[in-house]
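Biologist: Hi, could you walk me through this one? I have some quick questions.

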Amino acid sequence: MAAYNPEEQEKIEGLKAWWTAHGNTVIIILTTLIATIVGIQAWNYYTRQQAQQAADLFTVLQQQVEKSGDPVKINDAAYLLMEGFPSSGYAARAALIAAQANVNAGDLAEASGKLQWILDHSKEPELKDIARLRLARVLLDEQKYDEALRHLNAAHGESFAGLYADMKGDVLAASGSIEEARAAYQQAIDKLSEGRSAYQNIVQMKLDGLRSPAE
């Protein structure tokens, strides 16, 4: 056994005493630190796996749109994303695609449900603005004018102001509120940027169609 000089022996005894007093605390801290590191790594791996699975499902959905356009298959793929990965950006986009497929198939109730799901779950303001606008169109087709106007009067991005005003004009015109519809169409024309000149012409045609013969 190695012999220690008095100074070394004193240090060793001091370390022993310190370990006796604090060893358990050190072990707990180290164990917690290791568990935290492992947990973070596991979580990162899990989130990467989740993101990849969501991306794969979205690819499947896009393939269904391109190959068959079958609303049943599109809705099935969208459902898997909406239920399994609701917080992913893919889920809201899948719901938007499925809603359009339902509109094309004449299933307005199912389309409304998908669009409302986006409003309830998406964290992307622009995506919600698009969903709200499309939902208003579906509600217009269902002649649910008050509900459509409620969505169109909700807060939305300034870049959508012209489109919302145009849709509001459509709803008001369909409900018989002609003067209010004319005001909405004029607002849409004022809001639409120069880059949408062709669309402005369409809105202008709607406005002109509401003018009285005396005008």
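Predicted model: local features only at pLDDT ≥ 70, side-chain atom pairs only at ≥ 80, totals over all residues.

Biologist: Thanks! Which side chain does E158 meet in a salt bridge?

Modeller: That is K191, at 3.1 Å from N to O. A salt bridge here is a side-chain nitrogen of Lys or Arg within 4 Å of a carboxyl oxygen of Asp or Glu. E158 sits in the loop between α6 (145–152) and α7, while K191 belongs to helix α8 (residues 178–191), so the pair ties together parts that are 33 residues apart in sequence. K191 counts as partly exposed, at 42% relative accessibility.

Biologist: How many salt bridges are there in the whole structure?

Modeller: The search finds ten. One of them joins D170 and R137, at 2.9 Å from N to O. This pair links distant parts of the chain, with D170 in helix α7 (residues 161–175) and R137 in helix α5 (residues 125–141). D170 is buried, at 11% relative accessible area, whereas R137 is partly exposed, at 33%.

Biologist: Which residues are networked with those two?

Modeller: D166 and K206 are linked with R137 and D170 in a network of salt bridges.

Biologist: And what about R182, which residue does it bridge to?

Modeller: R182 pairs with E179, their closest N and O atoms being 3.2 Å apart. The two are three residues apart in helix α8, so about one helical turn separates them. R182 is buried, with a relative accessible area of 15%, and E179 is exposed, with 55%.

Biologist: Switching topic, what is the overall secondary structure of the chain?

Modeller: Nine helices and zero strands. Helices (H or I, at least four residues) and strands (E, at least two) are DSSP runs, numbered from the N terminus.

Biologist: How far does α3 reach from its first C-alpha to its last?

Modeller: Helix α3 (residues 89–104) has 16 residues and reaches 23 Å, close to the expected 22 Å. That expectation is 1.5 Å times one less than the number of residues. Buried residues in α3 include A91, A95, L96 and N102. Just after α3, G106 takes a positive phi of about 85°.

Biologist: How many aromatic pairs does the count come to?

Modeller: Two. Rings of Phe, Tyr and Trp (its six-membered ring) pair if their centres lie within 6.5 Å; planes under 30 degrees apart count as stacked, over 60 as edge-to-face and the rest as tilted. F58 and Y90 have ring centres 5.4 Å apart and planes at 45°, so they are tilted. F58 lies in helix α1 (residues 6–67) and Y90 in helix α3, so the pair ties together parts that are 32 residues apart in sequence. F160 and Y164 form an edge-to-face pair, 6.5 Å centre to centre with 85° between the planes. Both F160 and Y164 are buried.

Biologist: Last one: what does L152 touch, leaving aside its neighbours within four places in sequence?

Modeller: L152 is in contact with L133, A136, Y164, M167, K168 and V171, contact meaning heavy atoms within 4.5 Å.

Notes. Residues numbered from 1 in each chain as written. Heavy atoms only, no water. Buried < 20%, exposed > 50% of the residue type's maximum accessible area, 1.4 Å probe, protein only.
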